[in-house]
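Me: Could you walk me through this structure, one question at a time?

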Amino acid sequence: MLTVITRLQLKDGAEQELDTAMRDRMSAVEGRDGWVGGQLLKPVDDERARVIVGTWESRSHWEDWHGEEAFRETRERLEGLQTGPAEVTWHEAVLDRRGG
């Protein structure tokens, strides 16, 4: 299991538009092969930052998702909302515990 973390800094006033597009993206990916779960986070000390956390069974599942129309559509909506390039890091799960 792998988790990809994407950090974004948004242009002033783009917060709601990005949040809506990411809500749509996460709804579209639900039930997709290899998708485990995800979160959109807003740091408590930076209103214009967002952190996207996506957990996948494999990186190839994530790459396949990037080729889907639903992903490409939200990518188009998100273009121009950031102040610069996103920072993307990959993490392998050493331990994964969740409440139930």
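Predicted model: local features only at pLDDT ≥ 70, side-chain atom pairs only at ≥ 80, totals over all residues.

Me: With which side chain does the side chain of Thr-55 make a polar contact?

Reply: Thr-55 lies in strand 3; helices (H or I, at least four residues) and strands (E, at least two) are DSSP runs, numbered from the N terminus. Among the residues Thr-55 touches are Leu-2, Val-36 and Arg-98, not counting residues up to four places away in sequence, where contact means heavy atoms within 4.5 Å. A polar contact is a pair of N or O atoms within 3.5 Å; within protein, one must be able to donate a hydrogen and the other to accept it, and residues adjacent in sequence count only if both atoms are side-chain atoms. At 3.0 Å, the side-chain partner of Thr-55 is Thr-3.

Me: How far apart are the end C-alpha atoms of helix 1?

Reply: The expected span of a helix is 1.5 Å times one less than its number of residues. Helix 1 has 15 residues (residues 15-29), so it should span 21 Å. The model agrees with this, as the end C-alpha atoms are apart by 21 Å.

Me: Within what arc do the buried residues of helix 1 fall?

Reply: The buried residues of helix 1 are Glu-15, Leu-18, Ala-21, Met-22, Arg-25, Met-26 and Val-29. They line one face of the helix, because seen down its axis they fall within an arc (that of the directions from the helix axis to the C-beta atoms) of 135°.

Me: Which exposed residues does the face of helix 1 turned away from its buried side carry?

Reply: The buried residues of helix 1 pack against strand 1 (2-9), strand 2 (35-41), strand 3 (49-56), helix 2 (59-66) and helix 3 (69-78). The face turned away from that buried side carries Gln-16 and Arg-23.

Me: What arc do the buried residues of helix 3 cover?

Reply: In helix 3, the buried residues are Phe-71, Thr-74 and Leu-78. They sit on the same side of the helix, because the arc they cover around the axis is only 70°.

Me: Which residues are exposed on the other side of helix 3?

Reply: Helix 1 and helix 2 are among what covers the buried residues of helix 3. On the other side, the exposed residues are Glu-69 and Glu-76.

Me: What is the angle between the planes of Trp-35 and Trp-56?

Reply: The whole structure holds three aromatic pairs; rings of Phe, Tyr and Trp (its six-membered ring) pair if their centres lie within 6.5 Å, and planes under 30 degrees apart count as stacked, over 60 as edge-to-face and the rest as tilted. One of them joins Trp-35 in strand 2 and Trp-56 in strand 3, 21 residues apart. Both residues are buried. Their rings are edge-to-face, with 5.1 Å centre to centre and planes at 70°.

Conventions. Residues numbered from 1 in each chain as written. Heavy atoms only, no water. Buried < 20%, exposed > 50% of the residue type's maximum accessible area, 1.4 Å probe, protein only.
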